[in-house]
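Good morning, and thank you for making time for this presentation. Please take a moment with the sequence and the structure before I discuss individual elements.

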Amino acid sequence: MADSQGRLAGFEEFEKPQPPEAAEPAAEREQAPLPVDAQGQVTSLEGRTVYVIDSHSLIYQVFHALPPMSSPSGQPVGAVNGFTRDVLDLLENHKPDFLICAFDHSDDTFRHEFYPEYKGTRDPMPDDLRPQIGEIRKLLMAMDVAILDLPRYEADDLLATIADRTEKLGGTCVVVSSDKDCRQLISDRVKIYNIRKNQFYDADALLKDWGVRPDQVVDFQALVGDSVDNVPGIALIGPKIAKELLEKYDTLDGVLDHASEVSGAKRRENLMNGRQAAEMSRRLVELDRNAPIEIDWEACRIRPFDRKQALDLCQTHGFRRLGERIGALNFATTVEPPTVEWTTDYQTVTSLEQLQSLVQEMQQQKHVAIDTETTSPMPRWAEIVGYSFAWKPGQAYYAPVRAPQGDPQLDPEGALEILRPFFENDQVAKIGQNLKYEMIVLRNVGVELRGVAFDTMVADYLLDAGQRNHNLDDLAMRRLNYKTTKISELIGTGKKQKKMNEVPVELITPYASQDADVPLRLFPLLHSELAADDLASLYDDLEIPLITVLAELEFNGIRVDVDLLGELSKKHGKRLLELEKEIYEMAGRKFNIDSPKQLGELLFQELGLPVLKKTKTGPSTDVDTLQQLAIQHPLPAQVIAYRQSAKLKSTYVDALPLLVHPETGRVHTSFMQDVAATGRLSSKDPNLQNIPVRTEEGREIRSAFIPGTPGWSLVAADYSQIELRVLAHFSGDAAMLEAFANAEDIHTRVAAEVYETPPDEVTSDMRRAAKAINFGIIYGQTAFGLAKSLGIDKGLAADFIDAYFARYPGVEEFLEKVLADARKKGYVTTILGRRRLVEGIRAANQRNARNRTFPERIAINTVIQGSAADLIKLAMIQVYRRLKESGMQARMLLQIHDELVFEAPPEEIASLCEMVRTEMTSVGELRTALCVDIKTGANWSACEPWLP
C-alpha cells in the first residue's frame, strides 16, 4: 500500500493532466454552509475539492530526500520541516476546500490476518524518523488540518474510503500520493497528485503508463506482485505480460480461466498453478473503500485558525521561514503573537555641539550600547552613515554623518574626532549586537574600539547554540516580545534596494536608535541567564576576548594572487570542455550535464543503471550515488570530475577575485561565532573553510594565497589529530593515551591492532581504514556506513568495529557516559563548559551503542568537536596577546578549523613559530599532550615543515 520507503515507483514521464477545476478558491471566499439532511449528514460536495494526503508515504519521501536537520534542542526535524512545507504548498498553490491527512495506525492490519508475511521485507522505521511523526501531527493540529487514522487499516484504505464518499457526494477528490496502489481509485472525479513532480495522474496517464484501465489496476498488480510490500504475484509475469494478458482476457479471473492458452511453458505453468497466490495478491492490493470511519466534513474544511500555537511550534523547531509562511496564509486569522509597545524617546543629533555634550555624558556611564549604520554588510567595504547610542532604556540618539541632500548630517571627520575619546575609553563598557562589525568599521577610519564588554548576539548563541538565528530582530521577538523595524522596510530589496545613506534621516533615526536600545534592554536578561547557566566565565574569558581577535583577522585579510587565479580559471575552463566532450561521447549525445533531470534520464532510462535512491524530484544523482554507479559504468565518474572542477571554478577560482578589496588587495572573510552549534567558527564572503586540502585542484587554489608584503612568508600552524586527543583525554583509555604518549601515529597504531599486524607492515589502505574507524565510529558510524566509505564487505566492517572497541574499551565507556549524562541533564558540555541542549537520547536499554540516532550523534559530536573548538579559540586569544606584547610585525590572518595562518618577515619566522607552538600546546590541561605541526612557505600550498 503506502510506499513507506519513499519510492516514486511507476511515475514515468507523461503529459500532465490539468488539476481539477474547483469553485472559487476556499481561501478567498466566504465558505457557504454545507448542505445536510435531517440527521446532520452532508448530502452534497458538488463543486468542492477534497485533497487527502497519504501521510506516511510523504513523510518517508521527505525524510530520505532532505539532508538531516536538527531543532535548537538537537532533535531531528527534517521530516517535520519537509512535510509541513508540502502541506503549505498544497494550501497556497491548490487552495483545496477540504484537506485530510491520513495516517497508518499501526504495523499490523487486517491483511496480516490472512497473510502474516505482508510487508515482511520492509525495514523498520528509522530511529531518527520515529519521534518526528508525533511532531508532525502536533503541527497539523495547530494548523487545524484534519487527521485520520484507524486501527487495523492502512492509510491507503482511508484514502480509498474518502475518495469513494467524495465521489458519491458529487465532489472531486485529489489523492496526494506516489503510491501505485492508489491508481485503482482513479475515476472522472478522483485523480492522483504526485507532489514531488507536481503532476496530476488520471486514467489517460495510467493507460499510457501501464496500458490498463483503473478498474484493471488491482488485477494488474495481483499478476505482477510487489516486492516492496511482499505481495507474491505470479512468477515470470511482469508489467508487459500482465498488460497483454489483461488486454486479451480483461480481468484476473479471465486470465486464470484461460491460463492454459498462454504462450511460454513455464509462464503457462505458473499461471495454471498460481490461482491461489493471485487471488490472495488481489486481496492484499485491493483497497477497502468502506473502512468504518466517520468523516466530519465540516472539521475537514480549510478555515481560519489561530496561528500562535503553530508559530510557537515553528519557533521550538527552529523553522523561521515556515513560521513566516504560516503567518502569511491568507485565510489565517490576524491573531499575532503578543507584543509589547515601548514608550521611546529617539532623537536625531543635529550639531557637533550636541554630540560633544552627549559624549561628555556617555563618558560618565558604566555601560553604553552602540551601533553604526553603514553602506555595506561587509565591514571592510563599509562607509559609516551614522552612529547610535543608548544608556537608558527607551532613550537613544542617532548621529548621522552621511544622508540625502537637505537632511541633517554632521561633518564625518568632526564627528569622529568628538567620538574618538569615547570609543577608545576602555573604562566605559560597550554593549551591542555583533560588536565585531563595529570594531572593523571603526578601525577602517582609524579608531580602536575598546571596552567591548557584552555582545547580545554571542550571548544568545552561548545560551542556545541550536537556535538558527541570533539576529537582533529574532532576539527582540523571542526575548522581549518586541517587533522591530526590519532593514528591508528602509532600504527595500532586489534591484531597487537603496544604500543606507540614501534613506531620509527621519526614517533612519528610529531604526538606528532601536539597534542600540534593544541590546541595552537585552543586556540584563542575557547577563543573568549566562550566570545562571554557569556560562559567564566561558563568555567573559573566551567568547568576548575572541571578538577582538576575529576583528583583527578580518581587518588584516589575506592577499590573493589574482593573476594566478586567472590562469587557473582558464585551466579549469579548458578541463571542463574536455570533460564535457568525453561525457557526450560516452552518452552518445549532448545533454545538460548540470541538469539532474536530464542526467537521471540518461543514467537510469537510456543506460539502464539502477536507481539507488530517490529525492523530491526523482532518482538521485548526488555524488554518493554517482560513486556507486561508477563501478558499473565510466560516465558517472566523469560527471563527478566535471562537477568538482565546475564547483571549484565557480566557488573559488572565479569568485575570489571579485571579493578582493580594491585598496588592500586582500580578501577579508567574515568569521562567524554564532552559526555552528558545536562552537566551531565558520566563515563567509568568502567561505575559506571548505577549500580542498588533499586534491591537486585544492592545492592549486591554496597556492593563490600569499603574503601581503614582498619577501615575507606564510606560517601555518595545525593541531595534529586534536579531536582524537580530546577523545583520549575524556575517555582515559589506556591504550590510546599510551599511543599519544609514545608519539605514535594513532592511525597506524589502530590499523596494527585491528588487523593484528606489526606497525611497520601496515599498508596505506590499512591506515586509511583505521583513520575512517577513528573519525567515524566515535560519531556513530555503522558497519554499513563504514563498509560503504571503504568499499568493503559489511561483515568485515562490523569486525573492524568490534575489534576497535575491544582494543579501546575506554572509548565505548566514555561514549555511553556522554549519552547517559545527556539523557539525564538534557544537555552536553565541552571541555570549557559550553552547553548544547539535546533532547531525544534513548535509555541505555533502548539503544544499540553501534547504531545511534541523530540526537545521540549530535551529543557526542558536540562534546568532542566542541572541545577542540574551545581549545583553538583559547589558543587564538593567547597567540594574539603574545603578538601584541612582543611588538612583532607578524600578523594572524586566518583560522581554518584546527589551523591558524600567519604572515611574517623572514627575521621573525623562528621566533613566531616557537611562540605559536608554545601557546597552542599549552592551552587546557589534557591527559595527553597537544601537538602542533608548523609549516612555512611562499604561499599557503607551498608551506613545508618548519624545523627549529
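Predicted model: local features only at pLDDT ≥ 70, side-chain atom pairs only at ≥ 80, totals over all residues.

What is the order of the strands in the open sheet of five? The order is E23-E24-E20-E25-E26, and the pairing is antiparallel. At the edges stand strand E23, 891-896, and strand E26, 944-945; each has a single partner strand, so one side of each is left without a neighbour in the sheet.

Let me now step back to the whole chain. It has 35 helices and 26 strands. The radius of gyration is 32 Å, close to the 30 Å that the globule rule gives for 948 residues, so the chain is as compact as a globular protein of that length. Along the principal axes, the C-alpha trace spans about 100 × 75 × 55 Å. Of the 948 residues, 55% count as buried. Turning to contacts with a separation of 6 or more, 70% of them involve residues 24 or more positions apart.

How is the chain divided into domains? The domain assignment gives domain 1 as 34-201 + 296-330, domain 2 as 208-287, domain 3 as 345-556, domain 4 as 558-651 and domain 5 as 722-863. Taken over C-alpha atoms, the centres of domain 3 and domain 4 are separated by 46 Å.

In an unreviewed entry, UniProt lists residues 346-531 under "domain: 3'-5' exonuclease". In the model, that span is 44% helix and 18% strand, and its end C-alpha atoms lie 31 Å apart.

I turn next to a set of parallel strands. Strand E8, residues 367-374, pairs with strand E11, residues 429-432, in the parallel sense over three bridges. Here Ala-369 stands opposite Ile-431 in E11. E11 also pairs in the parallel sense with strand E12, residues 452-455, over three bridges. In that pairing, Lys-430 stands opposite Val-452 in E12. From E11 the chain crosses to E12 through helix H16, residues 435-444, and this β-α-β crossover is right-handed.

Why may H16 be described as largely enclosed by the rest of the structure? Eight of its ten residues are buried, so the description applies. The buried residues are Leu-435, Lys-436, Tyr-437, Glu-438, Met-439, Ile-440, Val-441 and Leu-442. After H16 comes Gly-446, whose phi is positive, near 85°.

Is Glu-154 buried or exposed? Its relative accessibility is 3%, and buried means under 20%, so Glu-154 counts as buried. Glu-154 and His-105 are 49 residues apart in sequence, while their C-alpha atoms are 6.9 Å apart in space.

That concludes the presentation; I welcome your questions.

Methods:
Residues numbered from 1 in each chain as written. Heavy atoms only, no water. Domains from an automatic or database assignment. UniProt positions renumbered as here; feature names shortened; annotations may be inferred. Helix = DSSP H or I, 4+ residues; strand = E, 2+ residues; numbered from the N terminus. Pairing = 2+ DSSP bridges. Right-handed = clockwise from strand over helix to strand, strands pointing away. Rg over C-alpha atoms; globule rule 2.2 N^0.38 Å. Buried < 20%, exposed > 50% of the residue type's maximum accessible area, 1.4 Å probe, protein only. Contact = heavy atoms within 4.5 Å.
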